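Okay, thanks for coming, everyone. Let me put this one up on the screen and then talk you through it.

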Amino acid sequence: MTNKPLSPTDGMPRPLFQKILIANRGEIAVRIIRACQEMGIATVAVYSEADAEALHTALADEAVCIGPPPPGASYLRGDVILDAARRLGCDAVHPGYGFLAENADFADAVAAAGITFIGPSPQAMRIMGGKTSARAAMQQAGVPVVPGYQASEADADLHLAAAEIGYPVLVKAVAGGGGKGMRTVFEPKNLAAALASARREALNAFGDARIYLEKRIEQPRHIEFQILADAHGNIVHLFERECSVQRRHQKIIEETPSPFLTRELRARMGEAAVAAASAVNYVNAGTIEFLVDRAGNFYFLEMNTRLQVEHPITELATGVDLVKAQIRVAAGEPLPYTQAALSQRGHAMECRIYAEDPSNDFLPAIGKVLRAAAPTGPGVRVDAGIAGGDEITRHYDPMIAKLIVLGEDRNDAISRMDWALRHYVILGDLMTNIPFLRDIMAHPAFAAGSITTNFVDDYFGDWQPSTEEAPDLTFIAAAMYEILNDAPAVTAQGAGGASGENDDVYSPWAQRTGFRMGGD
Amino acid sequence: MTRDFTYTAGDRTATVAVEKQGDAYVVTLGAHTYRVHALTDARSRLDLNVDGRQTRAYVAADGDARYVGLDGATWTLVKVDPRRRAQRGRGGAGDSTLAAVMPSLVLDVLVSQGDAVEKGDVLVLLEAMKMEIRLTAPRAGRVEAVNCRAGEVVQRGQMLVTLAQPTDPVNGQE
């Protein structure tokens, strides 16, 4: 018999899981892979044909192609993903956010295969996933909900109910989220058209055309609470995230602490969040979203039964690694902290960097990122899912990265964020929202913390990018680039060659190596 | 030896003349002359020293396009061959043609050729990334042509609807 060689892991605790499959893409897949690597857990990435060269595909220990680019043919194929997990011997699946993260049937199937789903029970997902069942559960638990109507789908009933609630009313999708299938109706005569349009969009986005009505809270803030629960009955909240700065009903800037909450209101909302999670026997990480009116009344909006996009600000302000916590809780470990041991320090802020056009209704921009250079330094974190050469396609969310900073206080966080935005370079045939985000950072209303979900419409509804003329320095930089990259000057080139179409977009820099000095 | 590079950025077109002098470059742009030292990582990063002031710039190229990142702003320059400049012109069709702003799926076409539309009327419903995008009339007018069908996938820049030119000849000059 041979002697077993001494392995560097001998004497170290066994990892909680051997191999985790990450059923997602982009920055969140990269984020989860990173946590697994730190915990000594092997990783499996899944990818669509559009993501064969994506960052998350490259970083995992193993990678499996699960189908063509449309999400319905790949990232939403729970059966194909589960088959890959089984085949590669995974003992857990992390769904990230979006795609299958809140699909209770997928969670059921994972569990039935003897694999751990890193998330809540399918039962809790089902209750919180249906907006109507969630509202009922919250009402029963004594958590305040927005006045609404959900008893019938008939247009005639909805017209009567809308009149009773009082206009303006919101039409919302039962299976909805992210503003999809949502319409604001100011007058009875517009209700019928809004119902039809919302149903169509909801059916398209969620495969479920059901809608319901809700009172529109005027000038609300969107403030959510992170909760974390283990399988032993312990539930804590990790304070709030202020997410009021939104466009198209989707968050673009999040921060914690909220400039609006007093210590007293924070404590009451935290208790309500814990009660909400407790009401559905929630286990793992989740988020209770509230609408808060000017008077400080708060209403349960929905629960996201998964990791949130904006989870990093909570991590920076509390010191808790939420992804690792999710993995530990899923493995059956108890929470290592009590509510009293948790506190907020400093001020954390996140900006979502999108490929989009803020001056044209935030329409997503499609294109290739030729070069990306992210800021680094004290208090700056970048969760990015793309690298230079990656494409933003129409198939997926056009988020390029999340830029997160931690400052001593809110003003410090704002100036740090502006520094970081100024040093985030994304070059290519696509527009980003970085100039827009910088203008928000510089706005007095933002500095004053007077932010509601109407903030973008109120102050930036007619925002246009600067029309300043390109300074000399841009021309000089371009010319020096040609010189230092030995590009032939136009005078030395035949006229027929320059077609203006160049398929080999990598060529100007990717194939060049070495460091060249201008004075050689 | 001096090398010339001409670029267009927005409304500004400029020629940069670069001449190497010792360990520096003398760069002439219009009436200004700059003394430039430059280092590069040979990918896209440039550390420039222009008349004693240091700046880090990033440049990426794609065909004739030069994307320049400078102090938080991104500029798109188009490299111009002076001999072909005369051929370039503004070919925009004003507010008479409505094009897809991104690759998308046509959900519904709400107008037909010959229809009279009011400003703000929804002409075409598009979907991209599960969002509905409404293509609306920028002005009142008559639909001259409809170039898309429901269910069709259209590309960015593809003309979907053309409105007839206004009959009022006051601003008819080109």
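**Two chains, side by side**

Let me start with chain B: of its contacts between residues at least 6 apart in sequence, 40% join residues at least 24 apart. A contact here means two residues whose C-beta atoms, placed from the backbone, lie within 7 Å. For chain A that share is 66%.

Quick caveats. This is a predicted model, where local features need pLDDT of at least 70 and side-chain atom pairs count only at pLDDT 80 or more, while totals for chains, interfaces and linings use all residues. Residues are numbered from 1 along each chain as its sequence is written, and chains are lettered from A and ligands numbered from 1 in the order in which they are written.

So, secondary structure. Chain B has 16 strands and zero helices, while chain A has 17 helices and 23 strands. Those are DSSP runs, numbered from the N terminus: H or I with at least four residues for helices, E with at least two for strands.

Burial next. In chain B, 29% of the 174 residues are buried; in chain A, it's 50% of 520. Buried means 20 or more other C-beta atoms within 10 Å of the residue's own, with C-beta atoms placed from the backbone.

Now the overall shape of chain A. Its C-alpha trace spans about 80 × 75 × 45 Å along the principal axes. And the domains? An automatic or database assignment gives domain 1 as 19-118 and domain 2 as 147-215 in chain A. Taken over C-alpha atoms, the centres of those two domains of chain A are 34 Å apart.

How values were computed. Buried ≥ 20, exposed ≤ 12 C-beta atoms within 10 Å, placed from the backbone.
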